[in-house]
Amino acid sequence: MPENNIKLGVYTAVLHQYELPEALKTIKDLGLDGAEISAGGFIGTPHLPVADILTSDAAVEDYLGAFADAGITLTGLNVNGNPLHPDTEVREKHSADLQRSIEVAARLGVKRIVAMSGLPGGHLGATAPNWAVNPWDSAYLDILDYQWDIAVEYWKDINARAASHDVKVAIEMHPQNLVFNPATMIRLVERTGATHVGAEMDPSHLFWQGIDPVAAIKHLGPLVYHAAAKDTRINEACKINGVLDDRFRRLTPGEERLNIGGRYFVNEWPKNSSWDFVAVGRGHDVEFWRNFLAALAAVDPGMAVNIEHEDMELGRLEGLQVAAATLKAAL
């Protein structure tokens, strides 16, 4: 068996209601010892004083001191967004956040940044992203050719920036992005010649695509840099509507809704959905998670695995408690 020093932690977006010290205490109380912090993109940076860290050595010392005092290791920054968005307002903000996060990580001595590949429009002058999959019609390959040319140029630059700062960017393989599975992850690396861009292994988005995350880890091998712990439950409705479930509802300005850049918001999840994100252990049992962690340890015995909570049936702390208990039993 490979050595296993996997570091379990939490992506603190779920704890943004707390100041950083209280969030770190919450992680420690769960029996975990790692944290991943938002550095921009879709969401804000309440746990990261970006400007201060970029300009003040004292701020860096104070910030890292908070982690040391809590007994928590800062294992990564997260800047998920769409740096290739055809809307200039969104693209420029998300891209700048990603570029800046590389500098921030270097200042903090953090070696991993989580990001998404992004998704351009389908043609010059497009105003919305266009996710073309199963391109049986050559028109869809025309879209993909256009998009990949944009992505390759962009990610060559990101790889160069990351390499110059000794930081690795781990791309979450997320649908509605050009990179959404192992094949597209490998394609990006090969076409850019990347040495500092690889994968973040978040199994939740692989589950609903019908991908075995353990097999994906073994296939990608050393391209897996970092991992998330988030589960997915496939529901009975999937037998009727399949996994490509488009029954989302647009929320109105008078309703509580999450802005994800520019004029765009998260929509309401479908009723009687085909699948749901759930706390770790509520979609797959301890045995799966034991195999998942073992596969990660075979790639990197000290890999960071951070819980990401998006279970709408459980409260934030309850979801973290369920996930932490499952992972600790699996480890």
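A: Begin with a packed helix. The buried residues of H6 pack against helix H5 (138-164), E5, E6 and helix H8 (213-220). Contact means heavy atoms within 4.5 Å. Helices (H or I, at least four residues) and strands (E, at least two) are DSSP runs, numbered from the N terminus. This is a predicted model, in which local features need pLDDT of at least 70 and side-chain atom pairs count only at pLDDT 80 or more, while totals for chains, interfaces and linings use all residues. Residues are numbered from 1 along each chain as its sequence is written, and side-chain values use heavy atoms, with hydrogens and water left out.

Q: Which residues of helix H6 are buried?

A: Buried means under 20% relative accessible area, exposed means over 50%, and partly exposed lies in between (1.4 Å probe, protein chains only). An α-helix has 3.6 residues a turn, so residues three or four places apart point the same way. In H6 (residues 182-192), the buried residues are Pro182, Thr184, Met185, Leu188, Val189 and Thr192. After H6 comes Gly193, with a positive phi near 65°.

Q: Where else is phi positive, in a residue other than glycine?

A: Take Asp166, with phi near 55°. Asp166 sits in the loop between H5 and E5. Its relative accessible area is 47%, so Asp166 is partly exposed. Gln176 is another case, with phi near 70°. Gln176 belongs to the loop between E5 and H6. At a relative accessible area of 44%, Gln176 is partly exposed too.

Q: Now the strands. In what order do the eight strands close into a barrel?

A: Two strands pair if DSSP finds at least two bridges between them. Here the order is E1-E2-E3-E4-E5-E6-E7-E12, and the pairing is parallel. From one strand to the next, the twist averages 30°.

Q: How many bridges join strand E7 to strand E12?

A: Three bridges link E7 (residues 224-229) and E12 (residues 304-307), and the two run parallel. Look for Ala229, which stands opposite Ile307 in E12. Helix H10 (residues 286-299) packs on the sheet there, touching strand E1 (7-11), strand E6 (197-201), E7 and E12. The direction of H10 makes about 160° with that of E7. Such angles run from 0 to 180 degrees between N-to-C directions, and axes are lines fitted to C-alpha atoms, for helices over the stretch in contact.

Q: Is strand E6 enclosed or open?

A: Five of the five residues of E6 are buried, so E6 is largely enclosed by the rest of the structure. Strand E5 (residues 168-172) pairs with E6 in the parallel sense, over four bridges. Val169 has Val197 in E6 as its bridge partner.

Q: What about the two faces of strand E4?

A: In a regular strand the side chains alternate between the two faces of the sheet. E4 is covered on both faces. Arg112 and Val114 are buried on one side, Ile113 and Ala115 on the other. Two bridges join E3 to E4, and these strands run parallel. Leu77 stands opposite Ile113. Helix H4 (residues 88-108) lies across E3 (73-78) and E4 (112-115), at about 160° to E4.

Q: How do helices H4 and H5 pack?

A: Two packed helices are described by the angle between their axes and the distance between the axes. H4 and H5 pack at about 20°, with axes 9 Å apart. They are therefore roughly parallel to each other. Angles under 35 degrees count as roughly parallel, over 145 as roughly antiparallel, 65 to 115 as roughly perpendicular and the rest as oblique.

Q: Which residues of H4 and H5 meet?

A: From H4, Ser95, Leu98, Gln99 and Ile102 meet Tyr154, Trp155, Asp157, Ile158, Arg161 and Ala162 in H5. The contact holds six nonpolar, two polar and two charged residues. Ala, Val, Leu, Ile, Met, Phe, Trp, Tyr, Cys and Pro count as nonpolar, Asp, Glu, Lys and Arg as charged, and the others, Gly among them, as polar.

Q: And at what angle do H1 and H3 pack?

A: H1 (residues 20-29) and H3 (residues 57-70) pack at about 30°, with axes 9 Å apart. Leu20, Leu24 and Lys28 in H1 meet Tyr63, Ala66, Phe67 and Ala70 in H3. That contact divides into six nonpolar, no polar and one charged.
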